[in-house]
Amino acid sequence: MPDNRDDFIISIRYALLKKGAKQKFSLFFLILFSISIITLDKLSLPFMNVSRSIISDIIYRVAIVSSKPAKIIEYSIKMANRHINVYKNNQTLIEEIELLKKQKFDFAYMQSENKILKSALNFSNDKSPNQIFSISAKVIIDLKSPYLKSILINKGTRSGIKKGMSVFNKDYLLGNIIETNYISSRVLLLTDLNSKLPVIIENTNVNAILEGTGKKKNLRLSYLPENYIIESEKIIFTSGKDGFIQGGIPVAKTFLNQKNKIKIKILGDPDQALIVRVTNGQVD
Amino acid sequence: MHYFPQIKNKLLHLLPVLLLYFFSFYNFEELKNIGKINFFSFNFQMILIYFYILKYPEYLGFGHIFLCGLITDTVIGTPLGTTSLSYLSLSLFTTYLRNSTLRSIMTAEWFTFIPALFFSNFIYLIIVNNFSNVSFYYVELLQNTFFTFLFFPFFYYFFNYYQKFFIKD
């Protein structure tokens, strides 16, 4: 038994310290180095934040180049699918336009009525013009690892972007900024497990927290009132209770899935986002 | 012109390192959006590291593995050094296996990949859990680990073939 233990210790020591053929560093040194980087990163020392920011900016630029071949393949497949389904899509679009034309007038009337009522109640949470911030950014990488559902955009602190700002794609909320570098930023998507957003359900005064589960068509509502049963085809809006994001922005929708279960899907599609708007809480 | 064979040979030698860097920068996320490819996602870097440290350690330096881990951390958004430590622990486990194995059998190496994957993922999860606020998707991670294990023989034969027929020492 002691011989076996000695053999094990010798093997481990050999594996850790022996550099081997053409190895410049020993595993022991690199493991220690990794642990010290993790510790320094956790302590969030100022020099670590700056160096992380610089490294991130450089690596993101290289990552854009390396992702080009796959982007071209994806684009070709999408274009082919679009050409195949062009007639069907055209019919659907014509019907949608008719419907939207009808809804447009109702919407304009309700918007002006809402403004009047809010001003009457002195309840307006609109930001003054000098508080408004809005900038367009390009999605450079969209990553959905088992750890984080996020996208990277090509604007950073140089353009005035700050942590916590809201990101929109075609008027739909996509997520918010969680990491800022000098010329790039990371957006945490609403579908991510770590995303929590205060919301209100259409035609009710039910408040809840919208949480991501990692899937576009399976978001979760928590802190709902007891015995409350959610209905399908209801739009979920931001409630504005976090004090930063404007209320009344559509974010998700309930629907019946194939197994007749009510699910919640996000309205903005992060996979289709190419150009996004970064604002400090308001829709453009 | 006589430099061409030398350059070609150098590139062929560097292919594992280049592949490791390429997959660290880019995880084929765009392709995963097509159909059900995402379901079969696997960790190519782990297969590459396990195979080369086990069979041809002179072709893949620990320094490169460490750097690739740092790049992956930056791209994915996990705490800096996490993936490096996970890959290095996989390398440590594999080096230990190499030192204590007398005869190389593919099936044995395939099945020892399970504890190697478990060990390196375990370290990853401990660090992510304790050093960051990131929550992760256990099911996706399990799927990813399972397919990494499942696809190993295919890459084992592919890399073996590559080393035997393309690399001339």
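Predicted model: local features only at pLDDT ≥ 70, side-chain atom pairs only at ≥ 80, totals over all residues.
Analyst: A residue is buried here if 20 or more other C-beta atoms lie within 10 Å of its own.

User: What makes H5(B) a mostly covered helix?

Analyst: The count does: 15 of its 19 residues are buried, each one meeting the cut-off of 20 or more C-beta atoms within 10 Å.

User: What is B:Leu88 in contact with, leaving aside its neighbours within four places?

Analyst: Both chains, as it happens. From chain A there are A:Leu27, A:Leu30, A:Ile31 and A:Ser34, and from chain B there are B:Phe62, B:Ile65 and B:Phe66. They count because each pair has its C-beta atoms within 7 Å.

User: Which residues have the most contacts inside the largest nonpolar core?

Analyst: B:Leu88 again, along with B:Ile49, B:Tyr50, A:Leu174, A:Val251 and A:Val276, in a core of 82 residues. Helix H3 (residues 44–55) of chain B gives the most to this core, with 9 residues.

User: Why is A:Ile37 called buried?

Analyst: It has 22 other C-beta atoms within 10 Å and the threshold is 20, so A:Ile37 qualifies as buried. A:Ile37 is in helix H2 (residues 27–43) of chain A. Not counting residues up to four places away in sequence, A:Ile37 touches B:Leu80 and B:Gly81.

User: What makes H1 of chain B a bent helix?

Analyst: Compare the axis through the seven residues ending at a position with the axis through the seven starting there. At B:Leu15 the bend is about 50°, and a proline, B:Pro16, follows within four residues. B:Pro16 is also among the buried residues of H1(B), with B:Leu20, B:Ser24 and B:Phe25. Their cover includes helix H3 (46–66) of chain A, plus H3 and helix H4 (62–76) of chain B.

User: How do you know that S6(A) and S7(A) pair, and in which sense?

Analyst: Pairing takes at least two bridges, and these strands have 5, so they pair, in the antiparallel sense. Within that pairing, A:Ile200 stands opposite A:Asn207. The hairpin has 5 residues between the strands, and A:Asn203 takes a positive phi near 60° there.

User: What about S7(A) and S8?

Analyst: The rule of at least two bridges works here too: with 3 bridges they pair, again antiparallel. A:Glu211 has A:Arg220 in S8(A) as its bridge partner.

User: Which face of S7 in chain A is covered, and which is uncovered?

Analyst: A:Ala208 and A:Leu210 form the covered face, while A:Asn207, A:Ile209 and A:Glu211 form the uncovered one.

User: What are the helix and strand counts for chain B?

Analyst: There are 8 helices and 0 strands in chain B, whereas chain A has 5 helices and 12 strands.

User: How much of each chain counts as buried?

Analyst: By the cut-off of 20 C-beta atoms, buried residues make up 42% of the 169 in chain B and 27% of the 284 in chain A.

Conventions. Residues numbered from 1 in each chain as written. Chains lettered and ligands numbered in written order. Core = buried A, V, L, I, M, F, W, Y, C linked by C-beta atoms within 7 Å. Buried ≥ 20, exposed ≤ 12 C-beta atoms within 10 Å, placed from the backbone. Contact = placed C-beta atoms within 7 Å.
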